[in-house]
Amino acid sequence: MSKVWIITKRELSAFFDSLIAYVMIILFLGLSGSFTWLFGTNIFMLGQANLDVFYDVAYWSLFFFIPAITMRMIAEENKSGTIELLITKAISDNQIVIGKFLACLILVGIALMCTIPYYFTIRQLGNVDDGAVLGGYLAMIFLSASYIGIGLFASSLTQNQIVAFLLALFIGIFFHMLFDVIGSGSTGFIGEVFSYLSIRTHVDSLSRGVIDSRDIIYFLSLILIGLLGTQIMLSKRNWK
Amino acid sequence: MAIVVENLTKKYGVQKAVNDISFEINTGEVVGFLGPNGAGKSTTMKMITCFMAPTIGDVTVEGASILSEPEEVKRKIGYLPENNPLYLDMPIVDYLRFSAEIQGVEKSEIPARIGEMIEKCGLNAEKHKNIQELSKGYRQRVGLAQAMIHDPEVLILDEPTTGLDPNQIVEIRKLIKELGKEKTVILSSHILSEVEATCDRILIINKGRIVADGTAETLRRQAQGQELLTVHIEASKGDIQKELLGLKTVETVSAIEGKEHWFTVQSRPDASSRKEVFDLCVSKQWYLLEMTGIETRLEDVFRNLTN
């Protein structure tokens, strides 16, 4: 565990030393803030004291921001050769992957935490369903974790950060949108399968404030598959 | 036995980069891997350091196998990869701390270890800089420092002096010799003088196989076989070449082209003709102006074995 934390600490300080963290947090807050409060169908048009508008905006902004955070995680190490240095230290591939995953999750967590004032603002405006807010944040965290898993996997496939970014978006768009579209377009068993595969279904259900084990299992398995894929790509050098 | 390599083979597709290599290295030995580019030196090192698994074979480092206990092996080894990859955005001290933590150095000992490494590798003047601000020589020192930070029993250095200027090369070699007193060191190089200057033992690798194994001295002797002398004799009368050929210990005599009265004398196996040549000159009243033994250079040994 402590080895994982050493990796996480290094990655976090790399984020904050290189301005990536600040740029990401400011962009995320700027975008989600302006679309939640100022432009489009903002929170005031809705006439209800809830954060649904914010979740809708975050749903999309996280989809784009997370690949930008994860793209360099492994691709850059592959390119500069530091991956060889890292792997030959007394640490397992698992610990490396989990350490990097946690670093990304903490960065996104910090960004999400900066939006907590939204909740207190809304509370001044009317009665807020606290359960729904909590569920909504939980959904955002699970959604981020899933995309981080996908992003890390994409990053482990290549040496090129841009390719890693685009690959993560390409894989992500299926869960983000396409499965939902297919699911609502078809009926019966196939329709059900595809809407279960869509992240939207589970985010919606969680942000209603209902914590269902099916949603949790969905997210956990998505995260696990992402991390497992990353680990397999790292251990590929061991294939005979 | 610090390192035991058994039947190590690595295939890239159908090509065998390393082909059935076996050798043993004793604790405290400084061993040089010598070979032309693409001979399999780096691949062998990558397998010993657990970066990649061998297709066939096993390596044990201080009793731990790379297949069953990779983390144990990795803790015992300090590794400087080829091209010395480093996290360029990190300050030297932070990077050394990261390496120490990850290699499991006790937290209370870390500052002292970092101080010692900075001292040993001559990084004192630069220690507050980011790695990307350093010149290549200093980066190489950081690479060495991170490899040694956890005081490993075995040091594996892949081409440790590439890209350094002559002064730095001398310093790094001195450092390696220093380290070799207490640690087992494997280094690879394609520079012969370097291996000769730093290593107790040389393994010449070619096309994935070990073609020679021994000290610089034994390798030379093996390759040399028969004694070769260059002699310069001034004589007023008599056929020097014929007389030399008449000596019991001499096998062949050839005149050196373009130089009058210079000859190359090859002795019969396990015989020396130095005294006989001298006695001959005395009895014939010739002047022996020069007699030099030709030592086979390691370059020639290397070229013979790898060509």
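Chain B is divided into domain 1 (3–214) and domain 2 (226–294), with bounds that come from an automatic or database domain assignment. The centres of domain 1 of chain B and domain 2 of chain B, taken over C-alpha atoms, are separated by 48 Å. This is a predicted model, in which local features need pLDDT of at least 70, side-chain atom pairs count only at pLDDT 80 or more, and totals for chains, interfaces and linings use all residues. Residues are numbered from 1 along each chain as its sequence is written, while chains are lettered from A and ligands numbered from 1 in the order in which they are written.

The model scores ipTM 0.87 and pTM 0.85. Chain B has an average pLDDT (the predictor's confidence in each residue, from 0 to 100) of 87. In chain B, 98% of the residues score at least 70. Confidence in chain B is highest in helix α3 (residues 92–102), at a mean of 94. It is lowest in helix α8 (residues 216–224) of chain B, at 74. Helices (H or I, at least four residues) and strands (E, at least two) are DSSP runs, numbered from the N terminus.

One open sheet of chain B has 6 strands in the order β6-β7-β8-β3-β9-β10, with mixed pairing. Two strands pair if DSSP finds at least two bridges between them. β6 (77–80) and β10 of chain B are the edge strands, each pairing on one side only. On average, neighbouring strands of this sheet are turned by 15 degrees against each other, direction ignored. Strand β3 (residues 30–34) of chain B runs parallel to strand β8 (residues 184–189) of chain B, joined by 5 bridges. Here B:Val30 stands opposite B:Val185. Helix α1 of chain B packs on this sheet and touches β3, β7 (154–158), β8 and β9 of chain B. Contact requires C-beta atoms, placed from the backbone, within 7 Å. The direction of α1(B) makes about 145 degrees with that of β7(B). Axes are lines fitted to C-alpha atoms, for helices over the stretch in contact, and angles run from 0 to 180 degrees between N-to-C directions. Helix α6 (residues 166–180) of chain B also packs on the sheet, touching β3, β7 and β8 of chain B. Its direction makes about 150 degrees with that of β8(B).

β3(B) also pairs with strand β9 (residues 201–206) of chain B, in the parallel sense over 4 bridges. B:Gly32 stands opposite B:Ile202. β9(B) runs antiparallel to strand β10 (residues 209–214) of chain B, with 5 bridges. In this pair, B:Leu203 faces B:Asp213. The two strands form a hairpin with 2 residues between them, and B:Lys207 in the turn has a positive phi of about 50 degrees.

A second open sheet, of 4 strands, has the order β2-β1-β4-β5 (chain B) and antiparallel pairing. β2 (15–25) and β5 (64–65) of chain B each have a single partner strand, so one side of each is left without a neighbour in the sheet. Strand β4 (residues 56–61) of chain B is joined to β5(B) by 2 bridges. There, B:Val61 has B:Ala64 as its bridge partner. Helix α1 (residues 41–48) of chain B packs on this sheet too, touching β1 (3–12), β2 and β4 of chain B.

The contact between the chains takes 20 residues from chain A and 21 residues from chain B. α1(A) gives the most to the side of chain A that touches chain B, with 5 residues.

Note on methods: Two residues are in contact if their C-beta atoms, placed from the backbone, lie within 7 Å.
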